[in-house]
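Student: I would like a close look at one part of this protein. Please keep it brisk, and take the surroundings along.

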Amino acid sequence: MKTVIYTDPNAVRHEVRKTYGKIAGNLQAGCCSDTSSSCDSERPAAMAADKLGYSTEEIAAVPEGADLGLGCGNPQAIASLKPGEAVLDLGSGAGFDCFLAARSVGSNGVVLGVDMTPEMVAKARANAAKAGVANVEFRFGEIEALPVAANSVDVIISNCVIILSPDKLRVFREAFRVLKPGGRVAVADIVRTADLPPELSADLAAQCGCVAGAASVEELEIILRDAGFEDIRIRPKDASREFLRSWIPGRNAADYVVSSTIEAVKPSGASCCAPTCCK
C-alpha cells in the first residue's frame, strides 16, 4: 500500500519552505496564505503546548520565541532521553524540542536540529544564543538528505514534520543511516485514518497544514520495515481529534487524520544501511 500524493513533490517542498519561512518571520499563522485554498489566515497558528502533552515546567524552560506551537504531540514523552546521548530533531523549527532535549541529555550530550527553512534555522540559532544553550546546534538541510554523519545519533525525534515530506521512505532511510546500531526513533506525527477526497489530497494548503500527505499506520509500518527498522510501534491518539477539527476551515480534519506516536529501533547488529536503504 502506498500513499497517493496528487501534488508534484517539488511543488510541495517549495510551498512548505515558503509557508514556514513566513511563520518564522511572524508573517503568517500556521497555514498557507493562498486565500483560494481550503486554508485561510483565520486558522489558529497552533495548539497550546500544554494540550500537546508538555508540562508547565517544560514550557517555561525553553527560550522565548522557541515555541511556535506547530506540533501535534510531545516526542519528549516517548524518547526516554538519557544524559550524554546524541539527539537529532527532524524539522527543528525554532528549536522548542531541541532545547527540551538539551536539558535531558545534559552538558555531556548534544542535540542537533535540521530544518530546510533558512528563516527557521536563523531563528533557532538566535534563540540558542539568547538562552546561552551550548549543547545545541542547528543545521540547514532537508530531512530526505540529512547533513549528518552515518552512525552518529542515539535518538531521532520529530514533531509533525515527516508528514510534510513527499518521500517518507527516503526520510526513514536517512534516519536509519544516521542512527547508531541500537538507536531509536521517537516521533509525534499525523497518520491518515480515512481516505482523503482527491481535491483535499491535491490542496497545497492542506499539505502545508499537516493533513494531506499523511500516511496510514499500515503504510508507515511498511515504510519503516523497508528502511530497516524493527520493534515498530505506532500508536494513534484518538484524543487528538478534538484539536485537529479546526485545522482546515470548512472541513473537519479529524474525519481523516489523527495524531500518533511513532517508535522504531535500528537493529543492534545493523551497519550504516539496511539492504535497501542506500538505494
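Student: In which strand is Asp231 found?

Tutor: Asp231 is found in strand 6, which covers residues 230-237. Bear in mind that this is a predicted model. Start with the backbone. Asp231 has a positive phi of about 50 degrees, although it is not a glycine. Asp231 has 48% relative accessibility, so it counts as partly exposed; the cut-off for buried is under 20%, and exposed starts over 50%.

Ser80 is not a glycine, yet its phi is positive, at about 50 degrees. Its setting is a loop, between helix 3 (76-79) and strand 1 (86-90). With 48% relative accessibility, Ser80 therefore counts as partly exposed.

Now to the aromatic rings. A pair of aromatic rings is described by two things, the distance of the centres and the angle of the planes. The structure holds three aromatic pairs. One of them joins Phe99 and Phe138, with 5.9 Å centre to centre and 65 degrees between the planes, an edge-to-face arrangement. This pair links distant parts of the chain: Phe99 is in helix 4 (residues 96-105) and Phe138 in strand 3 (residues 136-140), 39 residues apart. Phe99 has 4% relative accessibility, so it counts as buried. Phe138, at 4% relative accessibility, therefore counts as buried too.

Another of the pairs leads back to strand 6. The ring centres of Phe176 and Phe229 lie 5.3 Å apart and the planes meet at 85 degrees, so this pair is edge-to-face. Phe229 sits in the loop between helix 9 (217-227) and strand 6. Its partner Phe176 is in helix 6 (residues 168-178), and the two are 53 residues apart, so the link is again between distant parts of the chain. Phe176 and Phe229 are both buried. Phe176 has a further partner. The charged end of Lys266 sits over the Phe176 ring, 4.8 Å from its centre.

Finish with helix 1, for a view of another element. Helix 1 runs over residues 9-24 and has 16 residues. From first C-alpha to last it reaches 22 Å, close to the 22 Å expected at 1.5 Å a residue. Its buried residues include Val12, Val16, Tyr20 and Ile23. Arg13 and Glu15 of helix 1 are buried as well. What covers the buried residues of helix 1 includes helix 5 (118-131) and helix 8 (204-208).

Technical notes:
Residues are numbered from 1 along each chain as its sequence is written. This is a predicted model: local features need pLDDT of at least 70, side-chain atom pairs count only at pLDDT 80 or more; totals for chains, interfaces and linings use all residues. Side-chain values use heavy atoms; hydrogens and water are left out. Helices (H or I, at least four residues) and strands (E, at least two) are DSSP runs, numbered from the N terminus. The expected span of a helix is 1.5 Å times one less than its number of residues. Buried means under 20% relative accessible area, exposed over 50%, partly exposed in between (1.4 Å probe, protein chains only). Contact means heavy atoms within 4.5 Å. Rings of Phe, Tyr and Trp (its six-membered ring) pair if their centres lie within 6.5 Å; planes under 30 degrees apart count as stacked, over 60 as edge-to-face and the rest as tilted. A charge sits over a ring if NZ of Lys or CZ of Arg is within 6 Å of the ring centre and within 35 degrees of the ring normal.
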